[in-house]
Amino acid sequence: MNGSALPRLALTAGEPAGVGPELLVRLAATSLAANFVAITDRSLLERAAARCGTTITLIDDDGADTATRAAGSLRVRHIPLAAPEVPGTPDPSNAQHVLATLSEAARGCAEGRYAAVVTAPLQKSSINEAGIPFSGHTEFFAAQSHADVVMMLASPELRVALATTHLPLHAVSAAIDAFSLERTLRIVHAELRAKFGFSEPRIAVLGLNPHAGENGHIGHEEIDTIIPVLEKLRGQGMQLLGPLPADTAFVPAQRKRYDAVLAMYHDQALPVLKSEAFDRTVNLTLGLPFIRTSVDHGTALDLAGSGKADPSSLIAAANLALDLVARSRKVIQP
Ligand SMILES: NC(=O)C1=CN([C@@H]2O[C@H](COP(=O)(O)OP(=O)(O)OC[C@H]3O[C@@H](n4cnc5c(N)ncnc54)[C@H](O)[C@@H]3O)[C@@H](O)[C@H]2O)C=CC1
Ligand SMILES: NCC(=O)COP(=O)(O)O
């Protein structure tokens, strides 16, 4: 790629019956300086544009670089749907199509055909109903890349990483062992440096139990697992706070003390981010060999087909991907 070429960002549309295809059209309508390549069904995008009342120029992707992109134009790597979408009603027969778009995105990033991938939301249950074990993009890309990864959601004001992702609550405690917690903290620490520019990142680690276990009176995971890992890594120079009680970790006085939070499970901290910055929060996967960002929301089946879904989180995800691509290119320049 020459220096004036726009970064080629792969976009996946996610669930065909959700808001993803419409959000891709809205993203393409911006003047963001990226060579967007939508990996999806071409006719799905045409119908999504009609639902949004927008005109879009679709160009079959030939893999070429370009120095400019007109607002409203979008390259397409066509992967056909198995069945036409019915907005609001996911069809499990399209599950293989959705997974094929993710595979192409990961493969294309690995081969250098895309600089990053930005994903729109998919319906996990529809993939499961097709008989395919699947719990999320995060786990799928990790498996495809043979990488240890960490899910992070980030707004301009708050970054939250998760020690566990899509697990039933009853399985969370057993999933947090010393080995996995140390590995997670090392990934978060390294990626806060590499992706966010914190030379000495300060990470607040939440307890698992109410009041971070209240000295062992409300649970033992803090004493048995979390505190020993924090002590070990502090001994190696990491700046780690906690374990903090999750209910008070996000009050203003505490927020001045850290650059990111490590929560023990999905719903322990994501409601904080989603309630204060639903339109500005981006989901990203730390630890992958390529850059992957995503929306913070789901398929919004209640809005699908209306053309009214807010594209802000997808636009924020594309902007973050572009920032990370620029940062990675600076690092590898001689
Ligand atoms: N990255 C991904 O692929 C994600 C996928 N999901 C999937 O989405 C499905 C539905 O999840 P829900 O919990 O219902 O959350 P949701 O985010 O789809 O919807 C929650 C509420 O937020 C609204 N909303 C969501 N996105 C919006 C947007 N762009 N503009 C305006 N309003 C918006 C919806 O209309 C609804 O009222 C789940 O079954 C899950 O599989 C959920 C989160 C992330
Ligand atoms: N709440 C975030 C979420 O469920 C997204 O998961 P993933 O599909 O990005 O792994």
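Of the 19 residues around ligand 1, those that come nearest are P121, H297, G298, A300 and D310; a residue is near a molecule or strand if its C-beta atom, placed from the backbone, lies within 6 Å of it. The shell around ligand 1 divides into 7 nonpolar, 9 polar and 3 charged residues. Here Ala, Val, Leu, Ile, Met, Phe, Trp, Tyr, Cys and Pro count as nonpolar, Asp, Glu, Lys and Arg as charged, and the others, Gly among them, as polar. Helix α4 (124–129) and strand β12 (291–295) each supply at least two residues of this shell. Helices (H or I, at least four residues) and strands (E, at least two) are DSSP runs, numbered from the N terminus.

This is a predicted model, in which local features need pLDDT of at least 70 and side-chain atom pairs count only at pLDDT 80 or more, while totals for chains, interfaces and linings use all residues. Residues are numbered from 1 along each chain as its sequence is written, and chains are lettered from A and ligands numbered from 1 in the order in which they are written.

Ligand 2 has G136, H137, T138, L270, N283 and S294 around it. By class, its shell has 1 nonpolar, 5 polar and no charged residues.

The strands come next. An open sheet of 12 strands, with mixed pairing, has the order β3-β4-β2-β1-β5-β12-β11-β6-β7-β10-β8-β9; two strands pair if DSSP finds at least two bridges between them. Strands β3 (57–60) and β9 (239–244) stand at the edges, each with a single partner strand, so one side of each has no neighbour in the sheet. On average, neighbouring strands of this sheet are turned by 30 degrees against each other, direction ignored.

Several of the pairings can be followed residue by residue. Strands β3 and β4 run parallel and are joined by 4 bridges, and L58 stands opposite L74 in β4. Strands β2 and β4 also run parallel, with 4 bridges between them; T40 stands opposite H78 in β4. Elsewhere in the order, 3 bridges join β7 (residues 159–162) to β10 (residues 260–263), and these two strands run parallel. The bridge partner of V160 in β10 is V261.

Another backbone feature is found at N215, a residue other than glycine whose phi is positive, near 50 degrees. N215 is in the loop between β8 (202–206) and α8.

Helices lie across parts of the sheet. Helix α2 (residues 42–52) lies across β2 (35–40), β3 and β4 (73–78), and runs at about 145 degrees to β4. Axes are lines fitted to C-alpha atoms, for helices over the stretch in contact, and angles run from 0 to 180 degrees between N-to-C directions. Helix α3 lies across β1 (8–12), β2, β4 and β5 (116–119), running at about 165 degrees to β1.

Helix α2 also packs with helix α1 (residues 20–28), at an angle of about 75 degrees and with the axes 8 Å apart. That angle makes α1 roughly perpendicular to α2: angles under 35 degrees count as roughly parallel, over 145 as roughly antiparallel, 65 to 115 as roughly perpendicular and the rest as oblique. In this contact P21, E22, L24, V25 and R26 of α1 meet L44, L45, A48, A49, R51 and C52 of α2, where two residues are in contact if their C-beta atoms, placed from the backbone, lie within 7 Å. By class, the contact has 8 nonpolar, no polar and 3 charged residues.

Helix α3 (residues 95–110) and helix α5 (residues 137–145) have axes that come within 11 Å and cross at roughly 50 degrees, which makes α3 oblique to α5. The crossing of α3 past α5 is right-handed; a crossing is left-handed if the near helix is turned anticlockwise from the far one by less than a right angle, and right-handed if clockwise. L102, S103 and A106 of α3 make the contact with H137, F140, F141, Q144 and S145 of α5. This contact has 4 nonpolar, 4 polar and no charged residues. H137 is also one of the residues around ligand 2.

The axes of helix α7 (residues 178–196) and helix α8 (residues 221–235) come within 10 Å and cross at roughly 45 degrees, which makes α7 oblique to α8. Helix α7 passes α8 in a right-handed crossing. A178, L181, E182 and L185 of α7 make the contact with T225, I226, P228, V229 and L233 of α8. By class, the contact of α7 with α8 has 7 nonpolar, 1 polar and 1 charged residues.
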